[in-house]
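Happy to walk through this one with you.

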Amino acid sequence: MSAFKRKTGMDVSEFQAYWKDLHGPIACNLPGLRRYVQNHTILSGYKRGEPAVDGIAELWFDDTAALRALASSGELRITQDDHAKFMDIAGYREVVTEDVVIKDGLVPKDGVKNIELVLRKKGMPPGKFHQYWIEHHGPLGASIPQVHRYVQSHTRLAAYKDGKEPSLDGFALTWFDDTQAMRAAATTEQYADTRADEDNFLTEPLDFVITKEHVLLG
């Protein structure tokens, strides 16, 4: 998964069109790619200023061997070379994740997808953080009635090897019918309990964006 801002001076509509219609087909040629989803920040998210990111990309591969094969491919170099045409390279963040499905509901047709960029609480061991997120916090988020589907994308533990710190510890993805449903969710007791638990394992406040997802492959 990767999160990024658009190129400086680029109009939002121009960015979204380039990413989806021109860059998307290039990325779809990556060897071993099973599924490719672009998440575009909704236009209303710009009314109060610049959002945390303009887009989040999800790319699925079978395993580590597939990623190693990808790294030496010409298609990857072509895809990366194209990034500079629409992306702020300096702020680009990419992590290899593994999905944990917390609430296995259907994706609503023409719905919205909330994505939080997750950082664990300072000093919390990675293994303890990931376990807490799944086992304790996950059921709280899943209990919010308006949430149709809830997936946690956890940064793989290999990213912490030898004391390394990845740019993000994961992403939280939740699907709703629309932004009105999101506002209704924020008034529920379940939402209040979920938010209250965040201080136990997260660095707050979390960056987040409300997006429309575009499935380009898979």
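Q: Is D82 buried or exposed, and what is its relative accessible area?
A: Keep in mind that this is a predicted model. Residues count as buried when their relative accessible area is under 20%. D82 falls in that class, so the answer is buried, with a relative accessible area of 5%.

Q: Which residue does D82 meet in a salt bridge?
A: Side chains of opposite charge can pair when their charged atoms come close. For the side chain of D82, the N to O distance in the pair is 3.7 Å. The cut-off for a salt bridge is 4 Å. The partner of D82 is K85.

Q: What is the relative accessible area of D21, which meets K20 in a salt bridge?
A: The side chains of D21 and K20 come to 3.6 Å, N to O. K20 is partly exposed, at 33%. D21 is also partly exposed, and its relative accessible area is 47%.

Q: How many salt bridges does a search of the whole structure find?
A: Among the charged residues, K5, R6, E50 and D54 are linked in a network of salt bridges. The pair of D82 and K85 is another case. Over the whole structure, the search gives a total of 16.

Q: Which strand holds N114?
A: N114 is buried, with a relative accessible area of 8%. Leaving aside residues up to four places away in sequence, N114 touches A172, L173, T174, F176, M182, F208, V209 and I210. The strand that holds N114 spans residues 112-118 and is β6.

Q: What distance separates the C-alpha atoms of S167 and D62?
A: S167 is found in the loop between β7 (149-155) and β8 (170-176), and is partly exposed with a relative accessible area of 33%. Not counting residues up to four places away in sequence, S167 touches R93, E94, V95 and L119. S167 and D62 are 105 residues apart along the chain, and their C-alpha atoms are separated by 23 Å.

Notes: Residues are numbered from 1 along each chain as its sequence is written. This is a predicted model: local features need pLDDT of at least 70, side-chain atom pairs count only at pLDDT 80 or more; totals for chains, interfaces and linings use all residues. Side-chain values use heavy atoms; hydrogens and water are left out. Helices (H or I, at least four residues) and strands (E, at least two) are DSSP runs, numbered from the N terminus. Buried means under 20% relative accessible area, exposed over 50%, partly exposed in between (1.4 Å probe, protein chains only). Contact means heavy atoms within 4.5 Å.
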